[in-house]
Amino acid sequence: MMAEADPPAWGAERITEHSILGLASVAAWVTFTFDGEAVEAIAGEPLLAALLASGRRVLRTMPRFGDPRGGYCLVGRCADCMVVVDGIPSVRACMTAVAAGMVVRTQHGAADDRDLSEEPAE
Ligand code: FES
């Protein structure tokens with residue numbers, strides 16, 4: 001029997017049971033990318049929790065002045081955690097479960113002024 005790899009040690013507590021997303025499997029560590037950098041997370045945990053645990057604090061910038069935002073309500077009521085997931089803008093990171101291979105980007109400005117040149121090739 002193969003020994004499971006030790007999970008990354010971030011020094012932060014993880015959300016393993018979410019009232020809407022359900023249980024995350026602490027045995028299933030997966031990798032996704034955020035702005036091109038690999039991030040390890042527990043499969044099924046909230047994307048926002050994984051990003052905060054990895055030390056990332058800015059998930060979007062505001063359309064008018066570019067002010068940084070990184071989550072506020074944590075329950076899907078505001079718009080501070082919106083990111084681009086697999087080319088889809090305005091995805092709330094606090095309400096999205098992590099899955100292996102997700103391509104996540106910072107959302108700059110409003111959804112309709114995104115830079116389409118950064119979208120993944122089909
Ligand atoms: S932090 Fe408010 S909707 Fe996600």
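I read the elements of the protein chain from the N terminus: β-β-β-β-α-β-β-β-β-β. That makes one helix and nine strands. Helices (H or I, at least four residues) and strands (E, at least two) are DSSP runs, numbered from the N terminus.

I noted that this is a predicted model, where local features need pLDDT of at least 70, side-chain atom pairs count only at pLDDT 80 or more, and totals for chains, interfaces and linings use all residues. Residues are numbered from 1 along each chain as its sequence is written.

I checked burial next. The chain has 122 residues, and 26% of them count as buried. Buried takes 20 or more other C-beta atoms within 10 Å of the residue's own, exposed 12 or fewer, and partly exposed lies in between, with C-beta atoms placed from the backbone.

I looked up Ala41. Ala41 sits in strand β4 (residues 37–42). Ala41 is buried because 28 other C-beta atoms lie within 10 Å. Beyond neighbours within four places in sequence, Ala41 contacts Val30, Phe32, Ala50 and Val98. Contact means C-beta atoms, placed from the backbone, within 7 Å. Trp29 is twelve residues from Ala41 in sequence, and their C-alpha atoms are 5.5 Å apart.

I then turned to phi. Most residues other than glycine have a negative phi. Leu74 has a positive phi, near 65°. Leu74 lies in the loop between β6 (68–69) and β7 (82–85). Leu74 has 18 C-beta neighbours inside 10 Å, so Leu74 counts as partly exposed.

Ser90 also has a positive phi, about 60°, and is not a glycine. I found Ser90 in strand β8 (residues 88–92). Ser90 counts as partly exposed because 15 C-beta neighbours lie inside 10 Å.

Note on methods. Contact = placed C-beta atoms within 7 Å.
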